[in-house]
Amino acid sequence: LLTITRLGGDGETKLITRPEAVEEVMASAAAKFRRRYPGYHVQVTAPEELLMSPMDATLMEQVVLNLLENAVNHAAGATRIRVSIARQEKMVQITVLDDGCGFPPELPGSLTEGGALPLARSCADGRRGLGLGLTLCSAIIKAHGGRMTAESRPEGGAQVTLWLPAG
């Protein structure tokens, strides 16, 4: 809720950003995740090229940490979590994926429409908070001039992809 307040409700929020090495921000989020969840392995892959993006590094780290924690708390059966970074034209693409149960079918539409997200899925553990966290992540990405998608993978698991401006 504090982050929502920080972003404001006017839809025109201006973040204070500076160019950051995306791999370093992702590695920092992964390191924090490993300290909190030593029994889980997360793999971060990045290209040889140094990818920079203007961002609030603290907020972006929190977004990725939230996505990693969702894999632990809501992705029943997940054994692998991966974060990959790539350049896609003028954007930096960050993908977080797991091999758990995937998302409820209602998720993608709810995310893009800004609505509350349901947890009506037999593999969900019944905890509340998944929807608010993903909606907040999406708002943070949009405030950075990017976009976010979430989908279940055909081979199983969930995939959340973030696109941020390269710079």
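## Lining of the second largest cavity

The lining of the second largest cavity in this predicted model divides into 5 nonpolar, no polar and 2 charged residues. Here Ala, Val, Leu, Ile, Met, Phe, Trp, Tyr, Cys and Pro count as nonpolar, Asp, Glu, Lys and Arg as charged, and the others, Gly among them, as polar. The lining residues are Glu23, Ala46, Pro47, Glu49, Leu50, Leu51 and Ile85. About 30 Å³ of space lies in this cavity.

## Helix 2 against helix 3

Helix 2 covers residues 22–36, and helix 3 covers residues 57–74. Their axes come within 9 Å and cross at roughly 45 degrees. Which residues of helix 2 make the contact? They are Val25, Met26, Ser28, Ala29, Ala30, Lys32, Phe33 and Arg36. Contact means heavy atoms within 4.5 Å.

## About the model

Local features need pLDDT of at least 70, side-chain atom pairs count only at pLDDT 80 or more, and totals for chains, interfaces and linings use all residues. Residues are numbered from 1 along each chain, and side-chain values use heavy atoms, without hydrogens and water.

Conventions:
Axes fitted to C-alpha atoms, helices over the stretch in contact; angles between N-to-C directions. Helix = DSSP H or I, 4+ residues; strand = E, 2+ residues; numbered from the N terminus. 1 Å grid on protein atoms, 1.4 Å probe; cavity = no way out; pocket = protein on both sides within 12 Å on 5 of 7 lines; lining within 4 Å. Points joined across faces, edges and corners; volume = space filled by probe spheres on them.
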